[in-house]
Amino acid sequence: MLDLEQWHTQSLVAIEQCLDLILAPNLNYPSELLASIRYSTLDGGKRIRPLFCLASAELNQAQAENALFVGCAIEMIHCFSLIHDDLPIMDNDDLRRGKPTNHKVFGDAVALLAGDALQALCFELLSSTKLTIPSNNKLQIINLVASSIGLLGMVGGQTIDWLSTGHKLDLAQLQKMHQLKTGALLKASILAGYLTGNTYDQQQYQLLSEIADNIGLLFQIVDDIIDVTQDTQTLGKTANKDLLQDKATYVNILGLEVAKHSAEQLYLNTINKIEQLDNNQQLSFLTAKVYYRNS
């Protein structure tokens, strides 16, 4: 029987090693820029996106090396988004993953450029010969990731978030914002992992797409809950940040207890869908990690 905690620990080690190798010191790179990139990419984070990429690859008998490579490329996008989110012109935060934010260490300009470089590096990796999957699958993954960070993805959602600060959103508007801002990249990670595999089943892929939507929403509801129930030390970032900045959250709109109930129902619904898939142990395990987390 698969030891899921051991799988999780070993996967985290493999992800860290892969990222470290991709970002290894290179005399051809500007040293300050690479230091900034390594500072915000290595030795921190839950690695949710590459882990889900590995888990969904198990559904489709994919080679773990290809799923790991794709997951780490997508993690570059996530790290880029965090660097830019923390900048003074955006959320103006001082703490990320329990240490000073990138711009506090390297300055605003280098932090901005580090994020830009990470975004470009993601697509350099996804289009490289090191990813040994069929070209059509590569193109589909690249399209998925690009869509998940553009106008109908992370950047679009971040724009809605920024412009809605201090304004009231209804529940449908809030869900749309988070579907774009957080859910889209997480969904791309899950679907991309499946696409590194050997077969393709349209019905299975559609069910996985629905599961990915649920996981993205669950992640954000839980995020809003722990933002008001955990302290800064536990979170590794500023607690109550959304409340202090008067941002719309599930807790603000629904209240804490209703938000908790919504998360529970969504989790149970998602697990029910996952159980319809073969080789689902890792995917179920990670979904539980998302639901039960406290940071």
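User: Why is Tyr292 called exposed?

Analyst: Tyr292 has a relative accessibility of 60%. Exposed means over 50% relative accessible area, buried under 20%, and partly exposed in between (1.4 Å probe, protein chains only), so Tyr292 counts as exposed. This is a predicted model, in which local features need pLDDT of at least 70 and side-chain atom pairs count only at pLDDT 80 or more, while totals for chains, interfaces and linings use all residues. Residues are numbered from 1 along each chain as its sequence is written, and side-chain values use heavy atoms, with hydrogens and water left out.

User: Why does Tyr291 count as buried?

Analyst: Its relative accessibility is 19%, and the limit for buried is under 20%, so Tyr291 counts as buried.

User: What makes Tyr200 and Tyr205 a tilted pair?

Analyst: The structure holds 8 aromatic pairs. The ring centres of Tyr200 and Tyr205 are 5.2 Å apart and their planes stand at 45 degrees. Rings of Phe, Tyr and Trp (its six-membered ring) pair if their centres lie within 6.5 Å; planes under 30 degrees apart count as stacked, over 60 as edge-to-face and the rest as tilted. The pair is therefore tilted.

User: Are Tyr200 and Tyr205 buried or exposed?

Analyst: Tyr200, with a relative accessible area of 43%, is partly exposed. Tyr205 is buried, at 10%.

User: What makes the pair of Tyr291 and Tyr292 edge-to-face?

Analyst: Their ring centres are 4.7 Å apart, with 70 degrees between the planes. An angle over 60 degrees counts as edge-to-face.

User: Which residues do ring pairs link into a cluster?

Analyst: Tyr194, Tyr200 and Tyr205 are linked in this way.

User: How do you know that the charged end of Lys99 sits over the ring of Tyr39?

Analyst: A charge sits over a ring if NZ of Lys or CZ of Arg is within 6 Å of the ring centre and within 35 degrees of the ring normal. The charged end of Lys99 is 4.1 Å from the centre of the Tyr39 ring. Likewise, Arg293 lies over the face of Phe219, 4.0 Å from the ring centre.

User: What is Phe52 in contact with, leaving aside its neighbours within four places in sequence?

Analyst: Contact means heavy atoms within 4.5 Å. The partners of Phe52 are Leu186, Ile190, Ile215, Leu283, Leu286, Thr287 and Val290.

User: Which residues is Ala62 in contact with, leaving aside its neighbours within four places in sequence?

Analyst: Ala62 is in contact with Ala57, Gly193, Thr196 and Gly197.
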